[in-house]
Amino acid sequence: MIARRKTLLIAFPLIILIASLQCRRATAVEQDPMDREAEDALVSYLRIDTTNPPGNETAGARFLQQFLAKDGIEAKLIGSNPARQSVYARLSSGTNEKALLLLHHIDVVPVAPNEWTKPPFSGLRSGGYIWGRGALDIKSLGIAEAMAMIELKRRHLPLRRDIIYLGVADEERGGLHGCKELLETRPELFNNVGYVLNEAGYNETVVDKVLFWGIEVQQKVPLFLRIHVKGQPGHSASPPDDGGTLVQLMHALDAVLRIPTPYRLTPAVSRYFTALAVTKHDYRGEALSAVTKGIDAYRIEHALPQGYRSLLRDTIAVTQIHGGVCTNCMPANAFADVDIRVLDDEKTDGILARVRAAMPKGAEVEVLLAAEPQKESPSDTELFRTLEVLMRRSEPGSVVGPIVSAGTSDSRYFRARGIVAYGIAPFKVNYYDADTVHANDERIRANFFAQGTRLTREIVHDFCAQTGVSVPHR
C-alpha cells in the first residue's frame with residue numbers, strides 16, 4: 001500500500017507535467033499568430049462586394065495586391081477592363097522545375113439581401129462562424145493561398161519551384177473575361193506552369209472529422225443558354241389566343257425540361273465512386289459500389305443523394321426568367337436562362353441540338369457559354385501524392401481520392417493546355433454549411449478556416465520549399 005502511494009506520488013506530478021506540455025502544444029497550435037492574421041484578412045476581403053454580374057473585381061484585386069505588398073511581394077493588377085482586374089504575383093526560385101499556380105476567383109454570385117439572416121458583405125464573426133458571400137466560394141481559399149506564399153517569403157525559404165498567386169475575375173460567369181482572356185492575351189505570365197491548385201475539391205465531414213478528402217481532377221461540361229420569345233405587346237384584358245409571350249416561354253422551358261437525360265457512368269466518376277464507397281458503411285456505400293458494376297435507375301433514385309446522381313446524367317436547370325413590366329400589360333419580349341451540365345466526357349453540341357429542336361415557333365436559343373470536355377488530370381503526380389500525405393496526416397484514418405465535380409471552374413482552361421490542375425477543399429465543411437454555397441447565409445466555421453489555412457500552408461511549403469527546410473506541422 002505504501003509502495004503504491006509512493007508510486008502515485010511520483011507518477012502524479014509526471015502525469016500533470018505531460019498533460020501540461022500537451023496542453024501547451026495544443027495551445028501553441030491554436031495560437032499560431034498567422035491564424036488571426038488570416039481570419040482578419042478574410043473578414044476584410046468578405047466586406048468587399050465583388051458581385052458578378054456586374055463584376056467589380058478590381059476592389060478585391062487591389063485589396064489582395066496591398067495584402068501581399070505588406071510582406072514585400074510585388075503583385076500587379078492585370079486584365080483589359082479597368083473595373084474587372086485580376087491580381088498576379090510570382091515568387092521566383094531560379095530553377096527550371098515546373099511552377100505551382102495558386103488560383104482562386106475574386107468574384108462572387110449575387111445575393112438576395114432580404115433572405116439573409118446576417119448582412120452578406122459584413123464579414124461578421126458570430127456563433128463561431130465567419131459570415132459573408134464568398135466565405136466558402138471561394139475567398140477563403142484565396143486568403144489561405146496568400147498566407148502560404150507570405151509565410152515562405154517571411155521565412156526567406158529557398159524554393160525549388162516558382163510559386164504564382166492569381167486571383168481572377170469573372171469565374172462565376174464562365175471565366176471568359178478572366179482566366180480565359182489572361183491565358184490567351186498574357187501567356188508569358190504562365191511560363192513553365194506545370195501545376196494548378198484551385199477550388200472544386202470536396203470533403204465529407206461528420207461533426208468535425210473528415211472521412212473523405214476529394215481532390216477534383218475532372219468536371220462536368222457547362223452549357224449556358226438564354227431562350228428568347230417575342231410576341232405582340234398590348235393590354236392584358238384582351239390576351240392573344242396563344243397566351244402571349246410569357247406563356248410561350250413557359251412552353252419552351254417545359255419542352256427543354258422534358259429532354260431525356262438517362263443515367264450513364266463515365267470512367268472518371270467510376271473511379272470517384274469506388275474510392276468514396278469504402279468510407280460509407282451503409283446503403284449508400286452499397287449503392288455507390290453497385291453503380292460501378294451496372295446502372296440500376298431505381299436504386300440510384302432511391303439510395304443516392306442528388307449530388308451523386310448529378311454525376312450520372314446530364315442536368316438541366318432553369319435559373320432566371322424575365323419579362324413584363326406591369327400586371328395589366330402583355331410583354332413584347334421575355335427570356336429565360338438555362339444551365340445545362342453534360343457528363344465529363346461529352347460534347348455539348350448533342351444536347352444543344354435537342355434544345356433547338358424542342359423550341360416552339362418564335363422561340364430562339366442564344367448560347368452564352370459552351371465549354372469542351374477536357375482530359376482528366378492524372379493522379380500519379382508528385383503534387384497529388386503531397387496532397388494525399390498531408391490530408392491524411394491532418395485527419396488520421398481519412399481516405400483521399402480523385403473526384404469529379406458537378407460544377408465547373410477555371411481549371412478546365414489549364415487542362416486544355418496540358419497543365420495538371422487539382423481542385424482542393426482544405427477546409428472542413430459540414431453538409432448543412434455546404435448548402436449555403438450560392439445560397440443564403442453563406443458562412444465558414446472560424447476554427448475550420450484556421451485549420452484549412454494551416455493545411456494549405458503545409459501543402460505549398462512541402463511541394464515548393466527546398467528539401468531539408470521545414471515549417472512545424474500540426
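Of the 474 residues in this protein chain, 51% count as buried, where buried means under 20% relative accessible area, exposed over 50%, and partly exposed in between, with a 1.4 Å probe and protein chains only. The model is a predicted one: local features need pLDDT of at least 70, side-chain atom pairs count only at pLDDT 80 or more, and totals for chains, interfaces and linings use all residues. Residues are numbered from 1 along each chain as its sequence is written, and side-chain values use heavy atoms, with hydrogens and water left out.

Now the overall fold. The chain has 15 helices and 18 strands; these are DSSP runs numbered from the N terminus, with helices (H or I) of at least four residues and strands (E) of at least two. The radius of gyration is 25 Å, close to the 23 Å from the globule rule for 474 residues, so the chain is as compact as a globular protein of that length. That radius is taken over C-alpha atoms, and the rule is 2.2 Å times the number of residues to the power 0.38.

Next, the inside. In soluble globular proteins, nonpolar side chains tend to be buried together. A nonpolar core here is a set of buried Ala, Val, Leu, Ile, Met, Phe, Trp, Tyr and Cys residues joined through side-chain atoms within 4.5 Å. Which residues touch the most other members of the largest core? They are Ile143, Leu197, Leu387 and Tyr422, in a core of 64 residues. Helix H4 (residues 139-154) gives this core its largest share, nine residues. Another core, of 23 residues, lies apart from it and includes Val221 and Ile316.

Take alanine 287, in helix H8 (residues 283-291). Is alanine 287 buried or exposed? Its relative accessible area is 2%, so alanine 287 is buried. Leaving aside neighbours within four places in sequence, alanine 287 is in contact (heavy atoms within 4.5 Å) with Arg299, Ala303 and Leu304.

Last, the backbone. Most residues other than glycine have a negative phi, and most peptide bonds are trans. Where are the exceptions? The bond from asparagine 52 to proline 53 is cis, with omega near 5°, and proline 53 sits in the loop between helix H2 (33-46) and helix H3 (57-69). Aspartate 137 and isoleucine 138 are also joined by a cis bond, with omega about -5°. Histidine 156 has a positive phi, near 55°. Histidine 156 lies in the loop between H4 and strand S6 (163-168) and is exposed, at 68% relative accessible area.
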